[in-house]
Amino acid sequence: MTSLRELPHRAREAAYVAQQLSMFVPAGLAQRALRLVTGGGAIQPDARQLEILMQRFRALLERDVQNVRDGLYPESLLFQIPTRTYARRLPLMVRDFPSVVRRRRDANYRDLDRVEAKKYPPYFRRTFHWQTDGYLSRRSAKLYDAGVELLFGGMADVMRRQVIPPISRWLAENGGSEPHRVLDVACGTGRTLSQIHAAHPELRLYGLDLSPYYLQEARELLASVPDASFVNENAEAMPFKDAQFDLATCVYLFHELPRNARRNVLREMFRVLTPGGLCVLEDSAQRIDSREVAFFLERFPEDFHEPFYADYLEDSLEGALREEGFVVRSSEAHFVAKVVVAEKPR
């Protein structure tokens with residue numbers, strides 16, 4: 001049988017697009033069914049809104065392929081979807097589905113029967129996405145990546161790796177004999193760090209997250225990486241020295257934080273970066289740059305319990321970075337996400 005590597009470039013690119021479409025369409029149908037079951041399906045996007053979403057979907061796939069052509073990350077990342085792992089966890093997701101539906105119908109975002117929850121900040125003690133145990137169990141951690149891929153139509157990893165091109169360009173301009181250190185803030189199960197490592201195995205990886213259960217998943221995912229270190233702490237008060245890291249990333253955190261916590265995290269990221277260090281944030285798109293997909297952005301907190309999301313939509317990431325002393329270099333929308341690149345002044 002012919003392997004993907006043996007196919008011509010154009011054929012591999014076509015296979016990649018087919019792969020993404022094979023996930024995007026079923027995921028969209030599953031989300032619509034979920035809204036109907038939970039009573040949230042009365043309002044549906046019209047044809048124009050769906051076409052705009054599809055345009056952005058296709059644009060991100062084209063960007064992903066172009067990044068590979070430009071040498072910003074390896075082609076292998078286009079096909080690194082752990083489908084077998086997700087398939088093994090599908091039965092657990094199905095068994096958990098009635099609990100998710102009940103929680104959604106009852107708006108029971110405090111359904112956390114865990115003693116240790118009291119030691120976490122109030123904004124963290126919620127069943128985000130209506131998932132069982134919130135972020136406070138190994139079961140939740142095992143289901144998270146598959147659930148997020150379902151939520152984003154198989155585009156979660158595609159969006160995550162858009163933090164790599166700014167890193168690749170920064171490394172090209174800031175070489176040196178010593179390996180650079182990168183900190184992924186709120187690293188979760190380690191998917192972002194895993195993709196960064198595939199592109200730049202020379203980097204020393206550090207991950208920080210508030211959930212010890214998600215860090216267990218991250219440690220297992222990156223078990224073969226000798227220079228990967230993980231810390232279970234709050235990003236609002238990081239246990240690191242000043243100017244300890246050359247690069248810092250943060251993916252899908254800020255929309256889950258109240259405004260004052262967002263500023264605290266940015267302040268800490270600024271502190272732990274070296275002068276001239278790079279900060280790359282990826283999170284949900286915001287109204288200021290993505291009004292054309294406002295329907296989908298505004299539906300998100302209703303469907304998946306995101307209590308701070310409405311404020312996040314109005315709280316410009318670029319403005320917040322400037323408030324904390326960063327110099328913003330670029331800001332780009334990718335599907336329903338955005339990537340903002342900033343530097344700490346030298």
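Throughout this tour, a residue is called buried if its relative accessible area is under 20%, exposed if over 50%, and partly exposed in between, using a 1.4 Å probe and protein chains only. The model on your screen is predicted, so local features need pLDDT of at least 70 and side-chain atom pairs count only at pLDDT 80 or more, while totals for chains, interfaces and linings use all residues. Residues are numbered from 1 along each chain as its sequence is written, and side-chain values use heavy atoms, leaving out hydrogens and water.

**Stop 1: aromatic rings**

Select Phe128 and Tyr135, which are both buried. Rings of Phe, Tyr and Trp (its six-membered ring) pair if their centres lie within 6.5 Å; planes under 30 degrees apart count as stacked, over 60 as edge-to-face, and the rest as tilted. By this rule there are 18 aromatic pairs. Phe128 and Tyr135 make a stacked one, with 5.6 Å from centre to centre and 25° between the planes.

Now try Phe270 and Phe326. Their ring centres are 5.0 Å apart and their planes stand at 85°, so this pair is edge-to-face. Phe270 belongs to helix H9 (residues 259-272), and Phe326 to the loop between helix H12 (317-323) and strand E6 (327-334), so the pair ties together parts that are 56 residues apart in sequence. Helices here are DSSP runs of H or I with at least four residues, strands are runs of E with at least two, and both are numbered from the N terminus. Phe326 counts as buried, at 3% relative accessibility.

The charged end of Lys344 sits over the ring of Phe270, 4.9 Å from its centre. For this label, NZ of Lys or CZ of Arg must be within 6 Å of the ring centre and within 35 degrees of the ring normal.

Before moving on, colour Tyr120, Phe124, Phe128, Tyr135, Tyr144 and Tyr214: ring pairs link these residues into a cluster.

**Stop 2**

Show helix H3 (residues 83-106) and helix H4 (residues 138-151). They pack at an angle of about 100°, with their axes 10 Å apart. Axes are lines fitted to C-alpha atoms, for helices over the stretch in contact, and angles run from 0 to 180 degrees between N-to-C directions. H3 and H4 are therefore roughly perpendicular to each other; angles under 35 degrees count as roughly parallel, over 145 as roughly antiparallel, 65 to 115 as roughly perpendicular and the rest as oblique.

Contact means heavy atoms within 4.5 Å. On the H3 side, the residues making this contact include Tyr86, Arg89 and Leu92, and on the H4 side they include Arg139, Lys142 and Leu143.

**Stop 2: Arg161**

Select Arg161 in the loop between helix H5 (156-160) and helix H6 (164-173). Arg161 is buried, at a relative accessible area of 3%. Among the residues it touches are Tyr16, Asp64 and Tyr73. Its side chain makes a polar contact with the side chain of Asp64, at 2.8 Å. A polar contact is a pair of N or O atoms within 3.5 Å; within protein, one must be able to donate a hydrogen and the other to accept it, and residues adjacent in sequence count only if both atoms are side-chain atoms.

**Stop 4**

Go to Trp170 in helix H6. Trp170 is buried, with a relative accessible area of 7%, and its side chain reaches the backbone oxygen of Gly276 at 3.2 Å. Select Leu247 too: the C-alpha atoms of Trp170 and Leu247 are 9.1 Å apart in space, though the two lie 77 residues apart in sequence.

Gln286 is in the loop between strand E5 (273-284) and helix H10 (294-304). At 0% relative accessibility, Gln286 counts as buried. Its side chain reaches the backbone oxygen of Asp315 at 2.8 Å.

**Stop 3: two positive phi angles**

Most residues other than glycine have a negative phi. Select Asp133, in the loop between H3 and H4: its phi is near 75°, a positive value. Finish at Phe335, in the loop between E6 and strand E7 (337-343), where phi is near 60°, again a positive value in a residue other than glycine. Phe335 is buried, with a relative accessible area of 5%.

Definitions and conventions
Lists of a residue's contacts leave out its neighbours within four places in sequence.
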